[in-house]
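Here is a brisk report on one protein chain. Keep the viewer open while reading.

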Amino acid sequence: MLDYILLEKYAKNKTVLFVEDDENIIKETTELLELIFPNVDIASDGKEGFSKYIDYKNKYDKFYDLVITDIQMPKLSGIELTKLIYKENKDQLLIVLSAYSESHYLLELVNLGISHFIPKPLKYDTFIHVIYTKLKEIEDNKLDKSDVSNNPVSYTHLTLPTKR
């Protein structure tokens, strides 16, 4: 079951780049994303998406927390966009949306390392659940890293063997 309070907590400081060429999907999905995230940037094709990605990095000296992209777009496909983004940031959280008829691209996208693939037409409850799951993974990773840095392992008790 989705915990909306935790979703709000996880999303409160996160930034999203949404890249989609279908105006109806842009409108509907952006409204949903803006209910969840405080900062959602929109691009209508892959070329504009990559330009916004780089501009954001240059302006804020960090990457978007989440990129959501379609596959089939003018000027630059979602696959090419994904490749360019991963050249900049191999750890980018990236979700790909695609029509069922484009699912043959799935293997290539998985091999590129995408975070998740969601078929269109979007089922918004599934979409929100995927976002929640991915944001929870980010938070869990932060907690794991802070546990390691706050609890350093001491090796002073180790005795090295002496040479004979």
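## Pocket

The model is predicted. The lining of its largest pocket splits by class into 7 charged, 4 nonpolar and 3 polar residues. That lining comprises 14 residues. Nearest the pocket centre lie Asp65, Asp91, Leu93, Ile138 and Lys142. The volume is about 420 Å³.

## Overall layout

The chain holds 6 helices and 5 strands. Read from the N terminus, the order is α-β-α-β-α-β-α-β-α-β-α. The chain has 164 residues, and 40% of them are buried.

Take the contacts between residues at least 6 apart in sequence: 67% of them join residues at least 24 apart.

## Nonpolar cores

The largest nonpolar core has 24 residues. Which of them touch the most other members? They are Leu33, Phe37, Ile68, Ile95, Leu97, Phe127 and Ile131. Six elements are named as supplying at least two residues each: α1 (4-11), β1 (15-19), α2 (23-36), β3 (66-70), β4 and α6 (124-150). Helix α6 gives the largest share, 6 residues.

Isoleucine 95 shows how one of these members is packed. Setting aside neighbours within four places in sequence, isoleucine 95 contacts Leu66, Val67, Ile68, Thr69, His116, Ile118, Val130, Ile131 and Lys134.

## Glutamine 92

Glutamine 92 sits in the loop between α4 (78-88) and β4 (94-99).

Two polar contacts involve its side chain. One goes to the side chain of tyrosine 53, at 2.7 Å. In the other, a polar atom of the glutamine 92 side chain lies 3.1 Å from the backbone oxygen of tyrosine 64.

Not counting residues up to four places away in sequence, glutamine 92 touches Tyr53, Phe63, Tyr64, Asp65, Leu66, Val67, Ile85, Tyr86 and Ser115. Serine 115 is 23 residues away along the chain, with a C-alpha separation of 8.4 Å from glutamine 92.

Histidine 116 belongs to strand β5, residues 116-120. Its relative accessibility is 29%, so histidine 116 counts as partly exposed. With neighbours within four places in sequence left aside, histidine 116 contacts Leu94, Ile95, Val96, Val130 and Lys134. Isoleucine 68 is 48 residues from histidine 116 along the chain, yet their C-alpha atoms are 9.5 Å apart.

Lysine 52 lies in helix α3. Lysine 52 is also partly exposed, because its relative accessible area is 28%. Apart from neighbours within four places in sequence, lysine 52 contacts Leu17, Ile42, Ala43 and Tyr64. Tyrosine 64 is 12 residues from lysine 52 in sequence, and the C-alpha to C-alpha distance is 9.9 Å.

## Positive phi in two loops

Where does aspartate 61 lie? Its place is in the loop between α3 (46-60) and β3. Phi of aspartate 61 is near 55 degrees, a positive value in a residue other than glycine. Aspartate 61 has 62% relative accessibility, so aspartate 61 counts as exposed.

Lysine 75 is found in the loop between β3 and α4. Its phi is near 70 degrees, again positive in a residue other than glycine. Lysine 75 counts as exposed because its relative accessible area is 68%, over the 50% cut-off.

Methods: Residues are numbered from 1 along each chain as its sequence is written. This is a predicted model: local features need pLDDT of at least 70, side-chain atom pairs count only at pLDDT 80 or more; totals for chains, interfaces and linings use all residues. Side-chain values use heavy atoms; hydrogens and water are left out. Helices (H or I, at least four residues) and strands (E, at least two) are DSSP runs, numbered from the N terminus. A polar contact is a pair of N or O atoms within 3.5 Å; within protein, one must be able to donate a hydrogen and the other to accept it, and residues adjacent in sequence count only if both atoms are side-chain atoms. Contact means heavy atoms within 4.5 Å. A nonpolar core is a set of buried Ala, Val, Leu, Ile, Met, Phe, Trp, Tyr and Cys residues joined through side-chain atoms within 4.5 Å. Buried means under 20% relative accessible area, exposed over 50%, partly exposed in between (1.4 Å probe, protein chains only). On a 1 Å grid over the protein atoms alone, a cavity is a set of points where a 1.4 Å probe fits but cannot get out, and a pocket is an open set with protein on both sides within 12 Å along at least five of seven lines; lining residues have an atom within 4 Å of a point. Grid points are joined across faces, edges and corners, and a volume is the space filled by probe spheres set on the points. Ala, Val, Leu, Ile, Met, Phe, Trp, Tyr, Cys and Pro count as nonpolar, Asp, Glu, Lys and Arg as charged, and the others, Gly among them, as polar.
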